[in-house]
Amino acid sequence: MALMISISGIRGIFGTDLTPQNLSKFTAAYGTWLEGGTVVVGRDSRVTGQLCEDIVAATLASVGCDVVKVGIVPTPTVAMGVLKHKAAGGIIISASHNPAEWNALKLLNEKSEFLDADQGKKVIEISESGEFAYQSFDKIGTITEDPEMLDDHIRKILDLPYINKEEIAAKNFSVAVDAVNGAGSEALPRLLGKLGVKTVHKLHCTPNGIFPHNPEPLPEHLAEICELVKEKKVDLGVVTDPDADRLALVDDTGKLFGEEYTQATAFDFILGKKEGACATNLSSSRVSDDVAREHGQKCYRSAVGEINVVKVMQEQDAVIGGEGNGGVICPDLHYGRDALVGTAMVLQHLAEKDMSASEYRASLPDYFMSKNKIQLDELEKDADEVLEMVKKHFSSLEPNIVDGVKIDFAEGWVHLRKSNTEPIIRIYSEGRSPEAAKAFAGKIFDLLK
């Protein structure tokens, strides 16, 4: 498939789509857009990571940027590095949950946030123009390293006023970690040690980029850690994707919380500490609305995409945010998904509640999702025609059209979004049972027939 170019960076299979040439071109465009300054560069553990890092660092220096390399670290650690070094921006070399043959550049601005639409568009325009600000030999940037960045990130988490490592340590938790041999391999066990967790069962925590299973933290890929939790009688299992910005949880009985319940747990924890709203995207579960309501607060919704959630959080002065894919955004730390701070919040919450993970999960309402897609070529209609048809049909329910079309029913919802990379429309639906979730999606299929 062709190289995927978006406002947040580029992504592709290394050696076919993602080549040294387009890595250099896109990096030069980004550095030119920044007009110099410091750029923090980190990566996940992929086999091609070091090679890509060398290209990126050299290219940034060639356009006059000073580079601070932070090594194999979680994506949120790079974001924290931008704040620490008061940098002009940051680049994470990671294809997130994509398979091992993929790699990517993910771009941050000076606020440590992913580029917004306008910023990303400018970088793309510069990359297409080929007009890069290459410097003469006496004006090229420097390349240095900051090997302490992960420890600084962990220290900032421990300094949060609502994280009490003594209280966590007193519970004598045992925790299992599946880091899929990614950037969380050293980060999560180190964080857990600092939080006072004495027993850590490490599963796939060698940061070599050889993913032992599909790296996206979905239920069908996580049977191994569920078995480990049961075998070792572990209190909590934590799972990350290769760049450790998404967090999935396993309870003490070996059952998955469900990714949607990661942010719901973080929302419940923070809203019990601070007055304020929360925010997530339109495709995330209603459980977040339920949690917010329990605390007398509102859960605001954004278009899908981390930067879109961040923008709504800032507009509404939200005290916590996230995405239903296991992303927790803690603005007291930085405006980005962070599996490390999510893990700390979950352990603190369980310690304070004096509940097992399974007991706590049982206290939350159950919702079920159904994820489907429609092939547009089978309908002989384009995406906009389909979305307009659905919007008109359900006009009495006042569909939300911020991002595709979302229809809220009394007992559930359905959300249609067109893909930017394939001729399909994604249909996500949710209900109080698996059958109900499928039935809401079925309303759309019946309409289109």
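**Close-up 1. Lys 69, a charged residue tucked away.** In this predicted model, Lys 69 has a relative accessibility of 16%, so it counts as buried, since the cut-off is under 20%. Look for Lys 69 in strand S4. Who touches it? Skip the neighbours within four places in sequence, and Lys 69 is still in contact with Val 41, Glu 53, Ala 57, Ile 143, Thr 144, Glu 145 and Asp 146.

**Close-up 2. Helix H5 and the residues it hides.** Helix H5 covers residues 149–158. Which of its residues are buried? They are Met 149, Leu 150, Asp 152, His 153, Ile 154 and Ile 157.

**Close-up 3. What packs against H5.** The buried residues of H5 pack against strand S4 (65–72), which is also where Lys 69 sits. Helices join in too: H3 (75–84), H7 (184–194) and H12 (339–353) pack against those buried H5 residues.

**Close-up 4. Zooming back out to the whole chain.** Count up the pieces and you get 16 helices and 19 strands. Along the principal axes, the C-alpha atoms fill a box of roughly 65 × 60 × 40 Å. A compact globule of 449 residues would have a radius of gyration near 22 Å, and the protein chain agrees because its own value is 22 Å. Buried residues make up 57% of the chain. Of the contacts with a separation of 6 or more, 68% link residues 24 or more positions apart.

**Close-up 5. The surface and the charges.** The protein chain exposes about 18,300 Å², with carbon and sulfur atoms supplying 48% of that. There are 48 positive and 68 negative side chains, and the centres of the two sets lie 2 Å apart.

Definitions and conventions:
Residues are numbered from 1 along each chain as its sequence is written. This is a predicted model: local features need pLDDT of at least 70, side-chain atom pairs count only at pLDDT 80 or more; totals for chains, interfaces and linings use all residues. Side-chain values use heavy atoms; hydrogens and water are left out. Helices (H or I, at least four residues) and strands (E, at least two) are DSSP runs, numbered from the N terminus. The radius of gyration is taken over C-alpha atoms; the globule rule is 2.2 Å times the number of residues to the power 0.38. Buried means under 20% relative accessible area, exposed over 50%, partly exposed in between (1.4 Å probe, protein chains only). Contact means heavy atoms within 4.5 Å. Accessible areas come from the Shrake-Rupley method with a 1.4 Å probe; for residues, only the protein chains shown count as cover. Lys and Arg count as positive and Asp and Glu as negative; His and the chain ends are not counted. The place of a charge is taken as NZ of Lys, CZ of Arg, CG of Asp or CD of Glu.
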